[in-house]
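Take a moment to look over the structure below.

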Amino acid sequence: MSVRVRFAPSPTGYLHIGNVRTALFNWLFARHEKGTFILRVEDTDKERSDPKYVTAMLDSLKWLGLDYQEGPEIDGPHAPYFQAQRISLYRKKLEVLTEKGRAYPCFCTPEELEERKAKMVAQKLPPRYDGKCREIGNREALDQVERGQRYVWRFKTEPGVTSFDDIIHGPNQVDHKEMDDFVIMKSDGMPMFNFACAVDDGEMGITHVIRGDDHLSNTPKQIMIHEVLGNAIPRYAHLPQILGPDKKRLSKRHGATLVTEYREMGFKPEALVNYLALLGWSTSDSQQIFSKDELIEKFGLERVGKSPAIFDQQKLNWMNGVYIRGMGGDELLDKVVPLMQKAGLVGNPVSEEHKNLIQELLKLEKDRIKTFEEFPAYVDFFFKEAIEMDGEAGLKLADPAVKAYLGELATRIGKTDPYSKEAAEKLVRAYAEELKVKASVLIHPLRAALSGRTVGPGLFDIMGLLGREKCVIRINKAVSL
């Protein structure tokens with residue numbers, strides 16, 4: 001049987017890291033098994049679903065390269081792929097359940113349910129539905145419907161046990177005594193998650209359900225629905241949670257969690273895919289850097305761990321830096337120019353002079369940057385007329401003797417012709433020998449005077465790219481502070 005998997009997000013927000021890891025593992029499994037990857041949009045929450053989230057979701061998947069064979073904008077044999085457009089199917093399946101005596105209308109109000117559950121809690125009993133409407137006769141139920149009383153549909157859970165062998169977590173068994181008659185259709189006619197999910201997985205021929213382990217408790221309910229409807233039961237694989245460094249569930253307090261945020265920050269999609277693949281999965285040799293083809297070749301659910309995965313932002317930054325260092329000059333230029341324009345450092349269109357300068361700076365900073373977003377801040381002093389002096393750099397200029405040295409250097413630099421990076425280095429080192437001091441006595445304050453900071457490109461690279469006139473102006477200004 002050909003493998004068929006699905007990624008089924010709800011369009012109630014932008015895709016976060018947990019969603020994308022789930023999509024990626026489904027995509028990798030489908031590609032490895034030469035199967036089909038399906039995108040299904042679970043948009044039955046009318047109040048919270050928004051088309052803008054669908055658009056953003058599709059854009060994010062395209063950006064990451066996670067293409068699907070069936071779904072929105074593609075369709076396929078099981079269209080439509082939006083649950084809100086499949087309501088008639090759910091109603092037909094509800095009729096099947098009622099005909100088999102496994103679904104019934106429940107007229108209990110929310111207030112009544114809360115009151116009864118509160119009593120159960122007081123009696124130290126599990127707070128679950130007590131089955132009050134379970135044995136209502138058809139005539140009485142019809143009378144209540146005709147009187148306009150609101151109702152939901154519940155699945156009738158019969159005595160027994162539901163077992164399944166999770167690919168990641170192993171054997172699971174749930175006694176139906178621990179379950180109640182759960183709601184499968186709301187009063188507005190929209191299906192509940194477990195019902196719609198089971199119906200769609202059955203209709204779409206899903207062979208493997210790969211999702212977060214927060215859905216483990218939903219699986220027995222869906223299996224029972226599958227059994228009553230006569231569906232083939234999928235294999236289940238529940239992925240471990242993603243936690244922050246503090247071992248708590250990953251959230252905004254840990255930093256960026258949305259795919260759109262990482263895209264805006266200048267992360268490469270290949271790096272994000274590579275990193276997310278390692279959240280809960282690994283190879284026997286602990287390989288870290290993978291091409292997509294390598295991931296597809298080596299991926300398998302048997303090497304997904306049960307333990308929660310820890311999201312390490314520093315490791316992701318490092319990995320992104322590895323991918324950046326593998327980029328060509330023109331590709332890098334295309335990535336950073338818009339960020340330089342956004343920072344107000346270059347014009348739009350960018351001049352040839354600035355373009356050439358950026359290319360030279362990329363050669364110097366390529367090994368240092370971890371995200372494209374960092375680049376403008378690293379090199380902004382090359383493009384600003386007035387630079388800001390940070391505190392540590394200011395300390396390098398506090399000694400009156402150092403200021404005197406810099407003043408003399410400014411004079412000598414102004415007379416150097418022809419001027420170049422090499423000429424500047426020769427001048428500075430010769431002056432240090434003349435003063436009988438180490439070259440660092442001049443190099444550190446010179447860097448501070450020219451850039452306003454103590455780290456960055458090599459001093460003589462800075463002097464060469466700034467040019468003679470700018471160097472003289474900045475040194476004299478620093479001396480006068």
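This is a predicted model. Begin with helix 11, and ask what covers its buried residues. The cover includes helix 8 (259-264), helix 9 (269-277) and helix 12 (329-342).

Which residues of helix 11 are buried? They are Leu316, Asn317, Met319, Asn320, Gly321, Tyr323 and Ile324. Look at the spacing of those numbers. An α-helix has 3.6 residues a turn, so residues three or four places apart point the same way. Buried here means under 20% relative accessible area.

Now check the length of helix 11. It runs over residues 313-325, which is 13 residues. At 1.5 Å a residue, helix 11 should span 18 Å.

Next, step back to the protein. Its secondary structure comes to 20 helices and 11 strands. The radius of gyration is 32 Å, while the globule rule gives 23 Å for 481 residues. The value is well over the rule, so the protein is more spread out than a compact globule. The C-alpha atoms fill a box of roughly 105 × 50 × 40 Å along the principal axes.

What share of the residues is buried? Of the 481 residues, 49% are. Among contacts with a separation of 6 or more, 73% join residues 24 or more positions apart.

Finish with the surface and the charges. The accessible surface is about 23600 Å², and carbon and sulfur atoms hold 50% of it. The protein has 69 positive and 70 negative charges, and their mean positions lie 2 Å apart.

How values were computed
Residues are numbered from 1 along each chain as its sequence is written. This is a predicted model: local features need pLDDT of at least 70, side-chain atom pairs count only at pLDDT 80 or more; totals for chains, interfaces and linings use all residues. Side-chain values use heavy atoms; hydrogens and water are left out. Helices (H or I, at least four residues) and strands (E, at least two) are DSSP runs, numbered from the N terminus. The radius of gyration is taken over C-alpha atoms; the globule rule is 2.2 Å times the number of residues to the power 0.38. Buried means under 20% relative accessible area, exposed over 50%, partly exposed in between (1.4 Å probe, protein chains only). Contact means heavy atoms within 4.5 Å. Accessible areas come from the Shrake-Rupley method with a 1.4 Å probe; for residues, only the protein chains shown count as cover. Lys and Arg count as positive and Asp and Glu as negative; His and the chain ends are not counted. The place of a charge is taken as NZ of Lys, CZ of Arg, CG of Asp or CD of Glu. The expected span of a helix is 1.5 Å times one less than its number of residues.
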